[in-house]
Amino acid sequence: MWNTSLVYSLFPNTSCLCRVTTFELARIFPCEGRVDRAVMELGLHVPQAPSTDDERTHWDKNMQLILDVVTGEDFPTGRSIQIGLTSGAQTQMVYGRNEPAMIHYHQSMQAALGLAPLGEKRQAAE
């Protein structure tokens with residue numbers, strides 16, 4: 001599994017990325033009482049605390065790479081998506097088969113809120 005990254009999505013706000021030598025934990029929380037604002041806690045967990053400057057430099061570079069991807073690619077993409085969603089141009093959202101984590105998240109959110117599963121109409125109260 002040397003070239004494999006396992007991603008676990010834990011409802012409602014946590015993602016775990018497991019690699020051979022590291023474990024990344026990201027948790028996202030709403031902020032400012034808004035649906036379009038959030039803060040993320042990101043941790044890089046390594047097998048043992050660095051004991052030399054070379055080891056510290058190695059793990060610092062790993063963390064910087066993660067931050068560069070998140071802040072340079074992921075966040076700008078999410079911001080663009082949010083702008084599109086708040087424009088009102090879309091009347092519905094469909095996730096493809098390549099996004100099982102997002103599908104699972106929305107299904108879990110619907111269930112937690114006591115709403116009908118996605119794609120099903122709610123039955124009128126009798």
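Helices, which are DSSP runs of H or I over at least four residues, and strands, which are runs of E over at least two, are numbered from the N terminus. Before I use those names, please note that this is a predicted model, in which local features need pLDDT of at least 70, side-chain atom pairs count only at pLDDT 80 or more, and totals for chains, interfaces and linings use all residues. Residues are numbered from 1 along each chain as its sequence is written, and side-chain values use heavy atoms, with hydrogens and water left out.

Let me start with the strands, where two strands count as paired if DSSP finds at least two bridges between them. Strand β2, residues 14-18, pairs with strand β3, residues 23-30, in the antiparallel sense over five bridges, and a hairpin of four residues joins β2 to β3. Within this pair, leucine 17 has glutamate 24 of β3 as its bridge partner. On to the next pairing: β3 and strand β4, residues 38-45, run antiparallel and are joined by eight bridges, and here phenylalanine 23 has histidine 45 of β4 as its bridge partner.

Now to the helix, and to one residue in it. Methionine 63 lies in helix α1, residues 53-86. Leaving aside neighbours within four places in sequence, methionine 63 is in contact with Leu42 and Leu44, where contact means heavy atoms within 4.5 Å.
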